[in-house]
Amino acid sequence: MIEASLHRIHLPRGTVVSVQVGAEIRPDEVIGMRRGAMAPVRVPVTRPLRRQPAEIEELLVVRPGERVEAEQPLALVEGAGVVLAPVAGLVLAASGRDGTLLLAPLAAEETVIGHVRGRVRAVEEGSLVIEVPAARLHGVGGSGEAVHGELVVGVPNPGDELRAGAIDAGATGKILVGGSRASAETLTRARAMGVAGIVLGGVLHKELRDFEAIQRRRREAGGMTGAFGILLVEGFGKVGIDPQLFSWFRAHAGRVASLFGADGLLYVYDAAPLPSRRALAKVGDRVIAHRRPFQGRGGVLVGLMEDLHAAQSGIPTRMALVRFEDGRLAPVPLANIEATVVAEGR
Amino acid sequence: MTTEARSLEVGRATSELSLLVDIGSAWTKAAVVGRALGRWRIAAHAAQPSAWDEAELIATLAARLAGRADPRVSARIASLLADAPRIAVHTPARPGRIALAAVSSELSGQAARRAAEAAGWVVVEAVTVDDGRPVVDRLSALQSAEVDAWLIAGGFDEEGGEGALEVAGLVAAARGGGKSPVVWAGSAGLTERVGAFFEPGVLRAVANPRPSADRENLLPLRRYLDGLIERLVERGAARQLAPIGFGRAVAELARASHLRVVGVDLGARYATWASADENGMAESRVVALGGLASPTLTAPGGPARIARGLPLAIDELAVADALQNLRARPGSIPQTDEELAVVHGAARDLLADLAANGPQPQGVDLLIGSGRTIGSAPLPAQAMQLLLDGIRPIGIVQVAIDPAGALGPLGALRDDEIVEGLGTLRDDLLTPLGAAVVCRGGRPGHLSMRVTVHRVGWRSLGPIEVRPGQLEVVPLPRGQVAELEIELDPAVSLSAPRRARRLRASVTGGAVGVVLDARDAPLLLPRRSDDRRTVLSAWRDTFLREVRPPAEGAA
């Protein structure tokens with residue numbers, strides 16, 4: 001049985017929440033409505049009222065920061081006239097130089113989606129707190145937006161690289177579990193094919209930066225559609241997903257998941273508990289190493305060395321002896337390994 | 001120092017112990033303070049990832065004490081440690097998040113950002129009139145920002161300025177009501193008009209950090225933001241915050257020793273710079289994302305910058321991945337030489353940044369390095385090189401490290417207790433690395449300095465000639481005092497009040513000795529990568545090689 005965890009959805013300012021505390025929500029459910037701002041327009045104020053530009057602040061009946069509706073008075077002079085808002089918008093500034101008001105018209109109403117399944121626990125200023133009954137995986141990094149979709153495993157082995165050629169139309173709208181790495185080209189293709197998100201063991205910093213730069217340029221040029229998120233599970237570089245975790249993903253292919261790229265979070269619904277990690281490994285534990293030269297490799301902790309020993313770098317530290325899966329026995333700083341624990345009952 | 005009163009059992013040995021604990025975001029450091037031969041000493045210290053449980057820390061400390069503790073209590077040492085009173089500090093649970101809107105990125109924006117970052121805030125979004133973005137993008141960015149407070153800056157005090165009113169209007173529109181406070185740190189003449197944009201009681205006006213084009217006045221804003229972060233993010237118990245404790249301990253150390261002291265604490269998330277004069281008048285800067293997990297290291301240009309400063313040939317891509325892994329798993333340790341080189345490169349970069357964004361460290365008597373990377377460097381010489389390369393403290397300075405991470409917890413004591421704590425533990429608190437003579441300037445082909453080391457009771461060393469770009473390490477053991485006779489080239493400066501060409505100074509030795517450093521400030525490096533690595537390797541080797549005394553001069 002999975003324990004529910006609390007998830008906070010950050011709401012952009014101006015969002016009008018449409019769900020109440022206690023409501024059950026689905027990942028694709030609208031939780032609020034919001035009107036963003038468009039490119040501001042200058043509304044002449046002093047000229048129609050036949051006043052000097054420097055007098056603008058005395059004439060205004062609204063202040064910067066205020067939201068106004070169409071036809072709402074912006075400025076008036078008793079007996080001389082009134083200036084009305086041409087559109088609904090946000091008042092940004094008044095210029096004493098040219099006597100105009102800077103008004104950002106409100107865009108059409110757009111929906112805000114939570115991308116998560118659960119029960120609304122609280123509605124706070126700027127956020128919604130949701131109780132999410134799902135397996136929760138906190139990665140070491142990520143990128144991109146919140147997405148949801150069905151889990152699909154995209155590589156045969158946890159150490160394999162996710163290739164661009166492996167992504168086809170069948171992955172559209174899905175969250176793809178890759179292996180040890182994906183190039184910027186693969187990530188770009190995945191997004192172009194409508195993949196919702198990708199879970200990777202590792203990725204090269206440069207590949208991720210290149211991909212993000214491509215997305216930024218596309219966004220600036222316009223025409224980018226659909227959200228896309230990336231979750232990084234183990235580390236940076238070519239790092240395979242822990243085989244136990246990979247098996248868990250395989251067993252849960254087809255389940256719905258929510259991926260929060262920027263937060264490095266994944267929820268998988270209707271799932272068995274994830275293999276967990278324990279920071280301090282004990283003799284006999286199955287462990288995974290997190291730093292080079294063994295980064296991403298699994299093994300068994302066969303012994304702890306007494307006293308402090310110098311790592312190759314010269315740092316004196318507590319060392320563990322690990323029998324890696326390839327048969328090699330190596331001393332590894334205890335701080336650089338974690339025990340991987342399969343949940344009971346599996 | 002606070003200790004727990006214990007009931008005495010007949011025939012049973014008792015102990016007086018307390019623990020100094022610094023719970024960092026990545027590592028927890030603990031020191032056992034116990035009584036030995038009538039004196040309070042740091043009997044053992046240990047560090048472990050903060051994710052490990054406390055029982056492990058106690059077991060490690062007990063193991064370190066085993067064999068050294070009185071046999072009558074050694075069997076009970078773990079339980080005694082577990083029950084011992086403790087003085088603990090911790091890294092703030094989360095940094096304060098602030099959105100900044102300013103007129104100019106170079107002037108008002110830069111000044112306000114530095115003040116906010118020095119007070120421990122993270123600027124999660126910054127918009128300026130000259131940032132090249134359309135107004136609607138600035139508005140949208142501010143609307144999306146998740147913040148605890150807003151900071152608006154701009155306009156010189158004498159001039160006012162419409163740009164400042166525009167950014168204030170933008171914040172008012174983006175904020176859209178709510179409880180988050182707004183700080184106005186712009187033109188004094190605009191305060192009333194800006195105040196009208198917000199609900200009553202929301203805006204707080206603080207002195208302009210950039211009152212004119214040629215003047216900066218960051219202190220009032222920084223102090224206000226210091227208080228605001230305490231009120232909004234870490235309510236109460238500010239003394240228990242590691243950066244605050246560290247600053248208080250440095251100030252007290254300066255007051256008690258009548259020295260000008262600079263302390264730097266480089267952690268995983270936070271970097272703290274504390275400087276204090278002989279009277280204990282202190283200034284600290286706390287940079288919330290200034291530690292080794294800082295995103296600035298992996299921002300575009302960061303990995304390349306760090307790779308350029310490494311003595312090993314490690315390509316930029318590998319450096320970038322290593323930095324990201326350091327950020328992703330700050331509780332792990334560099335296992336290979338290459339990873340250690342990258343971590344030390346990152347530490348130097350962060351220290352240089354910390355030093356550059358505040359008053360220059362000139363005329364410092366004592367420089368203290370703290371934090372796991374510095375305090376637990378594999379060799380004392382590496383810690384010395386990190387501090388000198390990063391901070392470039394021009395002048396004659398004693399250098400020490402805080403290996404047990406005890407300064408932060410001691411700073412959490414009450415004022416009168418800090419004095420007592422520092423005095424009681426004075427012999428164990430800091431590990432002296434030695435002294436450094438760091439000069440700026442120099443002419444190619446000329447000597448930068450000629451130094452003779454007169455050691456009490458030993459033959460004098462030198463004169464040692466140091467050319468521009470060179471450094472020399474002279475052995476001087478811990479506790480040994482020497483008189484340096486320094487002759488400077490006219491083009492070289494030690495930042496002395498007057499540009500004396502000959503001076504004498506008294507220094508004390510340490511684990512490294514006396515470093516004569518004529519590498520200029522900032523460090524000048526060749527452009528060609530091979531040449532640069534040759535120079536960097538030579539510097540590293542000078543620090544690391546077993547120090548041999550140069551030719552002895554006349555007694």
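A quick word on terms: strands are DSSP runs of E with at least two residues, helices are runs of H or I with at least four, and both are numbered from the N terminus. Two strands pair if DSSP finds at least two bridges between them.

Before going on, please keep in mind that this is a predicted model: local features need pLDDT of at least 70, side-chain atom pairs count only at pLDDT 80 or more, and totals for chains, interfaces and linings use all residues. Residues are numbered from 1 along each chain as its sequence is written, while chains are lettered from A and ligands numbered from 1 in the order in which they are written.

Back to our sheet. Strand β4 (residues 30-34) of chain A runs antiparallel to β11(A), with 4 bridges joining them. Have a look at M33(A), which sits opposite T111(A) of β11(A).

Chain A has another open antiparallel sheet, this one of 4 strands in the order β1-β13-β12-β3. Here β1 (5-10) and β3 (24-25) of chain A are at the edges with a single partner strand each, so one side of each has no neighbour in the sheet. Between β3(A) and β12 (residues 118-124) of chain A there are 2 bridges, again antiparallel. I25(A) has G118(A) in β12(A) as its bridge partner.

Now over to chain B, with its 19 helices and 23 strands. Its radius of gyration, taken over C-alpha atoms, is 25 Å, close to the 24 Å from the globule rule for 555 residues, so chain B is as compact as a globular protein of that length. That rule is 2.2 Å times the number of residues to the power 0.38.

Which helices cross here at roughly 75 degrees? They are α12 (residues 316-328) and α13 (residues 337-356) of chain B, whose axes come within 10 Å. Axes are lines fitted to C-alpha atoms, for helices over the stretch in contact, and angles run from 0 to 180 degrees between N-to-C directions. α12(B) and α13(B) are therefore roughly perpendicular (65 to 115 degrees). On the α12(B) side the contact (C-beta atoms, placed from the backbone, within 7 Å) is made by V319(B), A322(B), L323(B) and L326(B). From α13(B) come E339(B), V342(B), V343(B) and A346(B).

Notes:
Angles under 35 degrees count as roughly parallel, over 145 as roughly antiparallel, 65 to 115 as roughly perpendicular and the rest as oblique. Two residues are in contact if their C-beta atoms, placed from the backbone, lie within 7 Å.
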